[in-house]
Amino acid sequence: MRADRRFNLAGLGVFAALLLLWELYSRAGGVESYLPPPSAALKALTEPNVARALFGHLAGTLGRFLGGYLLAAALAVAAGVVLGYSRFAYSVSEVIIELLRPMPSVAIIPVAILCLGIGDAMMIAVTIYAAAWPILLNTIDGVRNLDRTLVDTGRTFGLGRVKILWQVALPAAAPYIATGLRVSLPIALILVTTSEMVAGVNGLGFFILDEERSLRPANMYAGIVVVALLGYALNRLFVAVEARALAWKRGLQAKGEA
Amino acid sequence: MPLLEVDALCKSYDGSAGAATLAIENISFNVERGEFVALVGPSGCGKTTLLMCIAGLAAPSGGRVAVKSQLVDRPPPDLVLVFQEYNRSLFAWRSVLGNVLFGLEAKGRGGKAADERARRLIGLVGLEGFERHYPWQLSGGMQQRVAIARALAYEPEVLLMDEPFGSVDAMTRLELEDALLAIWKELGTTILLVTHDIEEAIYLSDRVHVLARRPSRVVETVAIPLPRPRHQVTTRAEPSFMELRNRIYRRIADAG
């Protein structure tokens, strides 16, 4: 998981070589219509009107992503703490969880369109739905694995149930919650992009599909590059924040492995 | 009026076949304010169960526990338990200072005064300079010092200790015993300590309750008239120390 600080030269070389092959192949062959050379996609990115449009779509996608992801985090952590803490709460929801969890989340998009219509509310709702699962299940796990001694420590210091939840259970489960958040991050982006393709009027997903249908594959690839960079940047940001917030855990693990 | 009263305490567990297993049978003793009392007994004699009942973390099956004449039916506000497993009891996400501050926060103390008091306690347990360290960066003995400082920060009138030095090496154990005695002298906190180490019980305490195994009961109470301050070499070399040790050892062996 740890980011390698040195450049992976061999890996970058292979990537560059593949790009070059693609460039040469599409320039030589007659497949230009659906496989424009990478340089064409790059050129599209630098065209002012495309870049401006892409910026607007990027903002739309990012806004929906943040709304869906952050709400999913808040709801799933809260629900996960309750379900992890209370055997009763878990047993009454267990069947629903086990049935819905393995279902591909995109299947909920038509339901969301029926209930919420077409628009941001629908797209954020499906993002919350899909992103919530890993966070929920990991939070339940984390609270379940809470050491009895930690709870008793809180109790002997006179803490009530709510304070133990906040000051003991939640920080102790933080590494589990972080795992859920890390898994959910790309899932949330997938759902935002997909729902934009299905029912969006803007956003990178909408842009990519719209350019494809408008027979502008270079612009389509430009959109794909932007959404890929967005995913990459969000993941790097997450890893950096996590390393800071869970610095205590990293040391603990390093010691355990030594 | 004793600070802590344990009166006819019983604790049984439901066995797998529906038969109840008696872990503790009819234990009674008192602890006076400012006293240092040790409970000594063989492993598996229900010492931890007994402390959990006294700390209000487990409900007794019979009898009663009272702190300052108040019946214990939940963790009492004037009492803190220090667990044997310091590595499971410390908050891994809090620094040394953060862990000790927890004891003060639990009492509703905050701000600069709390910070100063926490630092003073960290110094008292000999961890000055380690305020910013996390528990995993410390040795076992140092971690238990943090746990003790955190407990003292809560300003309990009674400090319960469950084999606090059971998981550290022999040299560290002697150091921690002396550190504990120094703290006890300085703060005057009443201490009830459980151990399976007979010499440790004698060395530290004013009185030793000898427990027998299965079901656990007090078979004898031994007053320890050894003068204070005590010293790891000279105190342990005194003939009366040896006599006490042999007497308690025989008592435990006889009770089997």
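**View 1. The residues around the largest cavity.** A:T153, A:F157, B:L81, B:V82, B:F83, B:Y86, B:S89, B:Q144, B:A147, B:R150 and B:A151 form the lining of the largest cavity. In chain B, the elements that each supply two or more of these residues are β6 (79-82), α2 (86-89) and α5. Keep in mind that you're looking at a predicted model.

**View 2. What that lining is made of.** Sorted by class, the lining has 7 nonpolar, 3 polar and 1 charged residues. The space inside comes to about 50 Å³.

**View 3. Zooming in on B:Q144.** This residue is part of the largest cavity's lining, and it sits in helix α5 of chain B, which runs over residues 140-153. Is B:Q144 buried or exposed? With a relative accessible area of 0%, B:Q144 counts as buried. Leaving out residues up to four places away in sequence, B:Q144 touches B:V82, B:F83, B:Q84, B:Y86, B:P164 and B:F165. Of these, B:V82, B:F83 and B:Y86 also turn up in the lining of the largest cavity.

**View 4. Over to the second largest cavity.** Helices α5 and α6 (170-187) of chain B are the elements giving two or more residues here, and α6(B) has the largest share, with 4 residues. By class, the lining splits into 6 nonpolar, no polar and 1 charged.

Note on methods: Residues numbered from 1 in each chain as written. Chains lettered and ligands numbered in written order. Predicted model: local features only at pLDDT ≥ 70, side-chain atom pairs only at ≥ 80, totals over all residues. Heavy atoms only, no water. Buried < 20%, exposed > 50% of the residue type's maximum accessible area, 1.4 Å probe, protein only. Contact = heavy atoms within 4.5 Å. 1 Å grid on protein atoms, 1.4 Å probe; cavity = no way out; pocket = protein on both sides within 12 Å on 5 of 7 lines; lining within 4 Å. Points joined across faces, edges and corners; volume = space filled by probe spheres on them. Nonpolar A, V, L, I, M, F, W, Y, C, P; charged D, E, K, R; others polar.
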